[in-house]
Amino acid sequence: MSEVNLLESVTTFLQRPHGHYINGVSVLSQENTTFSVINPASGKVIATVNQGGENEVNQAMQAASDAFHGVWEQTSPIERGNCLNRLADLLQKNGEELAQLESLCSGKPIQLSRALDVGASSDYLRYFAGWASKISGETLNVSLPSFKGEKYNAFTRREPVGVVVGIIPWNFSIMIAIWKLGAALASGCTIVLKPSEYTPLTMLRIAELATEAGIPDGVINVVNGSGAQVGASLIKHPQCAKVTFTGSVPTGVSVGKSALEQGIKHTTLELGGKNAAAFLSDMSVEKIVDGILEAGYVYQGQICAAAERFYIPSVHMEAVLEQLSERLSAMKIGSPFDESTEMGPLANREHYEKILSLFEKARQEGCEIVHGGHALEGPGFFVAPTIVRAKSAEDTLMKEETFGPIGTFLSYDDEEALVAMMNATPFGLAASLWTNDLSKAMRMIPRIEAGILWINMHTFLDPAVPFGGSKSSGMGREFGSAFIEHYTELKSVIMRY
Ligand code: TXE
């Protein structure tokens, strides 16, 4: 397959001045500081973006607050759902432009950007659109005895929390922002998004499409800039009622602390992990290798739910590593704009350097690098997909999240000990168990510590199924009806008559 040509709309968009989107218009900050957006496939600057400051933070929060107490409050739930559906239509209509922008900024292979950042994102919007008209409280029976014939009526209301601040990472600059935006708007909240400094462009374009979709001014705002400055100021802002964050564990912990210090009760943190994939001995070597590729190597391993620790029955270990090496050698690595590319560059220089240092660490600790373990030649932040055979569960690569295309493998013999090995981490975002033995799987499911557990599959997310971390991988859940709890306040009303 051939290299996809950049659309004219993409080249025109890149040349525009970029800043923020506040109250229905694109704005540049009063400060003159800019930061560069770098294409990770070439290492070259593709755009510059105006760094936001206190002014933009205040303007965006004020616009979101005015819309929350004004136009959005007066918009009926059905119409809020219609708005999300119209935005989904526009995402699809402008899908190729958005997918190209996503691939340019993140290095994601174009087919994945099309399928996930455009395709799945519009499905998520439609899912949340349906919820907009279905969020409600309940009528309750008062339980205590009444005096003097008094009667009581009690009911609950689900009320939107207010202005939501959404802090977005670089791995899915559209899809993760859409998760937060869809949940907020369906609940009746308004939102201020702070994209990652590495991928600040896509949400600027989507905010324009939101205005075209008829979403009132101020309901969706985007402020670009550094996490330490813009992100932190948004969280501290008195009009911020809720923070929803996806990103690294250390930043998530500091975001959570800061939110609590400001007296904000609603915080959703979706953090990283060190997810395990465990294969039982009834699986064939071929099926195990297919499973490992699905679980650990899609999008250069830069998916928070991807598996990084692989537990393989000793009897299959050698054959699995051999076949996996062959499959990784055959993997097409190259330009994200080639439709046949299976693996692109790492998303940014800092991450690339981190991955190279982890290769080094594995060597220093005496792990065996079975495949890869090095940078690839050429411009851009490319590394080889890597297989590491761990010495023990204590190796750094069995404990620290790499967020890269590195699978670390440990063999086992005792199935009884397997669950304890999977759980031997402070994290608990995701895990997968692979077996044809349904009875064994059903017995192991309650014992595996993870917010989401897949059986014979991995990394499949669905808007109807709650997603979020247990243990140190975060708090709160996105999707399903679970999001309602996090974007609305429950008010109880008791009446005497
Ligand atoms: O993440 P950060 P970074 C992991 C991955 C990667 C590492 C660092 O291992 O190598 O995190 O990536 C904003 N107050 N993940 O530095 O710091 C920041 O501007 C408020 C896993 O990109 O977590 C960005 O918008 N906001 C992850 C967002 O937080 C702050 C996906 C994420 O940045 C802030 C991406 C502050 N004090 C990387 N500091 C996943 N779990 O999916 C930063 N930010």
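**Salt bridges and a mixed sheet**

A search of the whole structure finds 26 salt bridges, a salt bridge being a side-chain nitrogen of Lys or Arg within 4 Å of a carboxyl oxygen of Asp or Glu. The model is a predicted one, in which local features need pLDDT of at least 70 and side-chain atom pairs count only at pLDDT 80 or more, while totals for chains, interfaces and linings use all residues. Residues are numbered from 1 along each chain as its sequence is written, and side-chain values use heavy atoms, with hydrogens and water left out.

One of these salt bridges joins Glu159 to Lys491, with the closest N and O atoms 3.2 Å apart. Because Glu159 belongs to strand β6 (residues 152-160) and Lys491 to strand β22 (residues 488-496), the pair ties together parts that lie 332 residues apart in sequence; helices (H or I, at least four residues) and strands (E, at least two) are DSSP runs, numbered from the N terminus. Glu159 is buried, at a relative accessible area of 18%, whereas Lys491, at 40%, is partly exposed, where buried means under 20% relative accessible area, exposed means over 50%, and partly exposed lies in between (1.4 Å probe, protein chains only).

Another salt bridge lies within a helix: Arg363 and Glu360 meet at 4.0 Å, N to O, and both belong to helix α12, three residues apart, which is about one turn of the helix. Arg363 is partly exposed at 38% relative accessibility, and Glu360 is partly exposed at 40%. Elsewhere, salt bridges that share partners join Arg16, Glu97, Arg205 and Glu208 into one network.

The same helix α12 leads on to a sheet, since helix α12 (residues 349-364) lies across β14, β15 and β16 and runs at about 125° to β14; axes are lines fitted to C-alpha atoms, for helices over the stretch in contact, and angles run from 0 to 180 degrees between N-to-C directions. Seven strands form this open sheet, in the order β14-β15-β16-β13-β12-β18-β19, with mixed pairing, and two strands pair if DSSP finds at least two bridges between them. β14 (368-371) and β19 (452-455) stand at the edges with a single partner strand each, so one side of each is left without a neighbour in the sheet. From one strand to the next, the twist averages 25°.

Within the sheet, strand β12 (residues 275-279) pairs with strand β13 (residues 307-313) in the parallel sense over four bridges, and the bridge partner of Asn275 in β13 is Ala307.

Conventions:
Contact means heavy atoms within 4.5 Å.
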